[in-house]
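Please read the following report alongside the sequence and the three-dimensional view. It looks at strand pairing, charged contacts and aromatic contacts in turn.

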Amino acid sequence: MNIQTEHRQPATGATPYDEVYYPGHVYGLTHPNHLATIATVYGMRPAPVEHCRVLELGCGVGGNLLPMAFQYPDSEFIGIDLSGVTIERGQRNIAALSLGNIRLLHCDIMDVDAAFGQFDYIIAHGVYSWVPPIVREKMMTIFKRNLAPQGLCYVSYNAHPFSHLRDMVRDMMRYHTRSITGMKEKVGQARAIVKFLSEGSKSSSVHGAVMRDQCNRVLNAPDELLFHDDLDQDATAFLLHDVVEDAGRHGLQYLSDADFSRRHLAGYTEEVRATLQRFPESEFMARDQYQDFIDGNGFRRTLLCHEDISLDRRVDLDFVTGFYLLSTSSPCRPDACLTDDTEMEFENQNGSRITVTDPLLKAAHLCLGRAWPRALSFTELLDGARALLEGRQTGDDQRKLTEALYILARSGEVSFLKSPPFLVTEVTDRPHASLLARKQAQTGPLITNLLHQTVQLDDDRTRHFLQLLDGSRTIEQITAEMIEAFGPTIQVKQIDDAGRPAEPLLLSTRQSVDRSLATVGKLGLLVS
């Protein structure tokens with residue numbers, strides 16, 4: 001890569017992000033594999049995630065971009081940010097992982113030009129609403145000029161109608177803290193005034209209900225989020241059609257929302273479903289805009305592509321058969337019968353539940369849950385479900401599974417990807433956890449797995465255990481080192497079916513290691 005602006009320092013001084021650190025996180029909907037999947041559904045021919053170029057505007061410390069670069073060494077990743085402090089942090093993280101396919105540049109968005117080249121995926125998460133109009137205009141220029149012909153752009157922003165309510169409370173907080181400069185005091189006083197005004201309002205009034213809802217949001221927001229998002233004087237919210245019309249003036253078109261499950265209308269009344277379904281493909285954006293009005297949506301994740309691309313937004317019944325499928329579903333009662341038509345309930349990690357009676361579909365849910373975090377092709381899933389039923393087959397198995405997955409994928413109960421994630425679930429003789437996760441665990445509880453998700457490791461023992469999984473130690477050696485560090489036994493906290501604390505389980509360290517290895521595999525942290 002030869003970017004002339006690589007070492008050009010922005011002309012501005014310190015930014016608020018230099019003074020108040022904004023921690024880097026992963027955002028699953030920005031991942032190139034997810035973006036390629038959505039683009040493929042609508043008829044595009046996106047670059048494969050294994051060989052692509054990605055640009056992130058406002059990359060911060062690289063918390064979102066660096067795990068992508070770690071996962072795909074043959075792709076190229078460029079991040080830019082105006083905060084020199086966060087870029088320096090990110091560059092140290094890159095050096096610690098010895099990654100040669102990612103660069104974080106201390107650079108102004110206004111300086112991005114043709115020398116950067118074209119990118120298959122451009123990401124701008126949490127930037128568009130928080131920059132001046134001239135920078136938003138520049139961002140649209142970048143989306144058009146620096147986007148490859150079949151490229152896809154992700155841009156997120158605060159949205160109306162919900163942001164009207166949020167802005168009301170922001171006005172109150174900003175007025176109250178107008179003379180305060182220190183972050184801790186500013187955030188503390190912002191929370192205090194919202195709590196005071198909320199409690200002082202009438203709970204029976206509409207205003208009081210809004211104030212209490214907003215107070216709950218403000219009290220639970222992290223300090224840095226409240227400081228940079230709510231107390232930012234320039235933060236601006238938009239209606240979807242405003243952003244799409246602006247994109248249209250730059251030669252771009254609306255592809256869809258990044259969250260595919262928003263197309264699923266089962267949660268609406270019959271009248272609402274019927275009305276939204278009447279929108280023709282040519283008015284796809286308008287349908288989404290009215291859906292925002294119905295939902296009271298407050299944050300948008302919009303996908304854009306070049307205006308000359310011919311899109312097909314019809315989603316055929318068998319669309320999932322061309323993707324890799326994932327689900328965290330596990331049976332609520334492992335002893336439930338698989339082979340008859342009795343009910344069997346499954347629960348996902350997000351707490352959602354689904355009841356299934358057909359044996360083939362029960363077996364399919366069981367297959368997906370057991371395979372997690374590995375993704376299965378449709379054929380693998382069908383064959384696996386039949387195997388669980390001891391080879392039983394009927395002529396309509398494929399149709400039945402296709403119809404069920406069509407609904408599950410549209411609703412978000414089952415995820416689907418264009419390319420399978422690079423990870424393993426089987427524990428080898430010398431278990432090897434992701435280097436990225438091991439480095440992250442050295443400094444805190446939040447780590448990133450190989451599905452671009454955040455995983456929380458709550459205790460020192462677990463984080464110490466992860467450090468031992470570097471591929472050089474046998475399970476016996478790992479056990480010996482855990483005994484030396486923590487003793488020959490461990491107590492595992494237990495809860496009963498009602499969620500109440502139960503008698504703790506006493507395990508030998510070897511039993512604990514075996515359980516921990518299985519857990520690490522299920523968390524998507526093991527590599528080959």
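E345 stands opposite T355 in strand β11, where strands are DSSP runs of E with at least two residues and helices are DSSP runs of H or I with at least four residues, both numbered from the N terminus. This is a predicted model, in which local features need pLDDT of at least 70 and side-chain atom pairs count only at pLDDT 80 or more, while totals for chains, interfaces and linings use all residues. Residues are numbered from 1 along each chain as its sequence is written, and side-chain values use heavy atoms, with hydrogens and water left out.

**Strand pairing**

Strand β10 (residues 344-347) pairs with β11 in the antiparallel sense over four bridges; two strands count as paired if DSSP finds at least two bridges between them. Three strands form an open sheet in the order β9-β10-β11, with antiparallel pairing. The edge strands are β9 (330-331) and β11 (353-356), each of which pairs on one side only.

**Salt bridges**

The structure holds 29 salt bridges, a salt bridge being a side-chain nitrogen of Lys or Arg within 4 Å of a carboxyl oxygen of Asp or Glu. The table gives some of these contacts.

| Salt bridge | N to O distance |
|---|---|
| K195 and E199 | 2.7 Å |
| R300 and D257 | 2.6 Å |
| E403 and R399 | 2.9 Å |

K195 and E199 are four residues apart in helix α7 (residues 183-200), so about one helical turn separates them. K195 is partly exposed, with a relative accessible area of 39%, whereas E199 counts as exposed at 52%; here buried means under 20% relative accessible area, exposed over 50% and partly exposed in between, with a 1.4 Å probe and protein chains only.

The side chains of R300 and D257 meet in a salt bridge. Because R300 lies in strand β7 (residues 299-306) and D257 in strand β6 (residues 252-257), this pair ties together parts that are 43 residues apart in sequence. R300 counts as buried at 0% relative accessibility, and D257 counts as buried at 7%.

E403 and R399 both lie in helix α15 (residues 397-411), four residues apart, which is about one turn of the helix. At 32% relative accessibility E403 counts as partly exposed, and R399 counts as partly exposed at 43%. Elsewhere, salt bridges that share partners join D257, R262, D292, D295 and R300 into one network.

**Aromatic contacts**

A search of the whole structure finds 15 aromatic pairs; rings of Phe, Tyr and Trp (its six-membered ring) pair if their centres lie within 6.5 Å, and planes under 30 degrees apart count as stacked, over 60 as edge-to-face and the rest as tilted. One of them is the tilted pair of Y128 and Y157, with 6.0 Å centre to centre and 55° between the planes. Y128 lies in the loop between β4 (119-124) and α5 (133-145) and Y157 in strand β5 (residues 147-158), so this pair ties together parts that are 29 residues apart in sequence. Both Y128 and Y157 are buried.

F319 and F323 form an edge-to-face pair, with 6.4 Å centre to centre and 65° between the planes. F319 counts as buried at 11% relative accessibility, and F323 counts as buried at 7%. One aromatic cluster is formed by Y42, Y254, F260, F284, F319, F323, Y406 and F416.
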